[in-house]
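Open the model in your viewer and keep the sequence panel beside it. Each stop below gives a selection and then what is there.

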Amino acid sequence: MVQKYQSPVRIYKYPFELVMAAYEKRFPTCPQIPVFLGSEILCESRSEDGAVHVVERSCRLRVEAPRLLRKIAGVEHVVFVQKNVLNWKERTLHIEAHNETFASRVVVHENCSYTVHPENEEWTCFEQSASLDIRSFFGFESALEKIAMKQYTANVKRGKEVIEHYLNELISQGTSHIPRWTPAPVREEDARSQPGLGDPSSLEADGPRSTQGADSEMVGSDGDKLDVDYIERCLGHLTPMQESCLIQLRHWLQETHKGKIPKDQHILRFLRARDFHLDKAREMLCQSLSWRKQHQVDLLLQTWHPPALLEEFYAGGWHYQDTDGRPLYILRLGHMDTKGLMKAVGEEALLQHVLSVNEEGQKRCEGNTKQFGRPISSWTCLVDLEGLNMRHLWRPGVKAFLRIIEVVEDNYPETLGRLLIVRAPRVFPVLWTLISPFINENTRQKFLIYSGSNYQGPGGLVDYLDREVIPDFLGGECVCNVPEGGLVPKSLYLTDEEQEHADQLHQWRETYQSASVLRGAPHEVAVEILEGDSVITWDFDILRGDVVFSLYYTKQSPKLGPWEPAARASGQLMDKAWTLGADYSRVEAPLICREGESIQGSHVTRWPGIYLLQWQMHTPPGNVVEDVLTALHSPGTRCKLLYYYEVLASEDFRGSMSSLESCTSHFSQLSAATSSSGQSHSSSLVSR
């Protein structure tokens, strides 16, 4: 595979003639570049008028490689042939170089150019490109490629320093100006005998025309070029190879992409997301550009106006910046009724809102870059989880959350600089187990998680936020205008027809099971747990009537045919001959659930065996329950519910805790509260 390198435009704020004088001082040897052992001129010629000077040199470079590789190769230095075409009239220097040593096994080509800055004729631009093709090298192809590119990029970085060194030397010696080239007066009879400038035999035509053509293909128009000073100022420090990847991808887009070319900051995020693997970054970026065009994302900030309901109940907003100058977004997730919002505005509206937040975040990063005078390419998110409970683990809500994460990860990579999670409650590891596999490893490394009040004091928020911007609800003095959220009134929920139109209701029905509870005939679901410390989570909506929900444990399996791990049986499963306390035991206190309520809960199992989720009709005191046959013929004795449950295996649950404990976090109190195997933990929550 051919490895390519393309440098950004490096600018010397000196005239071309002075830069050329500095360049000539690099020969025949250059102490500032130790690997450059020396050079000798192979041939040299000038045009008749002296405007074009062509020099061909043989240059020796020391091999910077392990001793074993040098011994196998049998050389201590390599030879390159360099051809320089200096045109004083056009004020250009074009350089072509290729290797002579191992030319049949390794092919190296380099093209460089010095030209006058297009906007300031007193400045000089330098550009460089190279390619490396290792065809065979005694089985050490991969090692040689790494060594060669490492050495090459080191010399690229050193090249600008060398020119500046000799420029300073010239100026210190009193040479600060060199006159521009002017043609010598030519007598009329001499002019008739000299070859014309357009004559192919003329050096000026022979040299610059051919090299300029190659160079224009390499660099493209002035609009394609990136200034290295601009990269440092607006994009941040990049290695030479990273600069090369950015320029190559940008140039490829300009040649092939139909439509608006994304900003350099945007391109750079995709390169970073793929560790500057050019082909992978190109594929990811192209898919994202297609997605943006399909969904008109570039116009989102002008066209998206969140519904009033979102503005009132979506508990998130922008709030100053962190200590690094990153824009700060605060999300009070624990105070937000995610289930209510989904039922009131739909999943698509929530996705649009999250996308608008990301678009606004990029816009704010650009503003802060200009304000603080340094590159700021990502933003910080502070998530307050106070109030987080099983209501937030509503299955369709989690599925929607995972979809949003996937869209953001694919289209807004490397936009999150840091995620501060504070006041993480006991239920958080369950949520983390569900979502962490969908989060990129690089992103997970940016999470800092605090339980309880660990976010206060040294090592907490004060390390990342100035004290004067810490929100008042987290013990700071700054008034935060982020909406407080709260429960969305059910009167604002979409109707079934609206939900169906929003392509949501059928998704919930695919996830949830419906059940009828008859008087005297409870509905039960059996869950087999193979090992302790597993987590059973449930979520159900009472559509009609009042029910009592309980959770039981037994070592006996209901006799309903072959039993398979994690299989589900439903209906009335418990044998009426069983005795409470002897054949089975209650592990969740009975919970009365009223019509219209939504219930979420979880239970950390203590033993392996069979767990029975039971819903039975609530009977007010004084009513006598008759037999099932009577109930079947009695009107108004049927309750209806939609339910869902899920089991998190103990291995996954412990794995989620290990993941949390291994990342940069303050999670000791939370892990101690949740990972104990000596007791069960359970919780249920009612959401009206």
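**Before you select.** This is a predicted model: local features need pLDDT of at least 70, side-chain atom pairs count only at pLDDT 80 or more, and totals for chains, interfaces and linings use all residues. Numbering starts from 1 along each chain as its sequence is written, and side-chain values use heavy atoms, with hydrogens and water left out.

**Whole chain.** Colour by secondary structure. The chain has 22 helices and 23 strands. These are DSSP runs numbered from the N terminus: helices are H or I of at least four residues, strands E of at least two. Of the 688 residues, 49% count as buried (under 20% relative accessible area; exposed is over 50%, partly exposed in between; 1.4 Å probe, protein chains only). Now show the surface. Among contacts between residues at least 6 apart in sequence, 77% join residues at least 24 apart (contact means heavy atoms within 4.5 Å).

**The sheet.** Select S9 to S13. These 5 strands form an open sheet in the order S9-S10-S11-S12-S13, with mixed pairing (strands pair if DSSP finds at least two bridges between them). Its edge strands are S9 (316-321) and S13 (447-451), each pairing on one side only. From one strand to the next, the twist averages 20 degrees.

Zoom in on S10 (residues 327-331) and S11 (residues 379-384). They run parallel, joined by 4 bridges. Pick Leu-331: its bridge partner in S11 is Val-383.

H14 lies across S9, S10 and S11, at about 10 degrees to S9 (axes are lines fitted to C-alpha atoms, for helices over the stretch in contact; angles run from 0 to 180 degrees between N-to-C directions).

**Helix H1.** Select residues 16-24. Is H1 largely enclosed or left open by the rest of the structure? It is largely enclosed, because 7 of its 9 residues are buried. Phe-16, Leu-18 and Tyr-23 are among them.

**Thr-554.** Last stop: strand S17 (residues 547-554), which holds Thr-554. Thr-554 counts as buried because its relative accessibility is 1%. Show its surroundings. Beyond neighbours within four places in sequence, Thr-554 contacts Trp-578, Asp-583, Tyr-584, Gly-609, Ile-610 and Leu-612. Draw a distance to Asp-583: its backbone oxygen lies 2.9 Å from a polar atom of the Thr-554 side chain.

Methods:
Polar contact = N/O pair within 3.5 Å; in protein donor to acceptor, adjacent residues only side chain to side chain.
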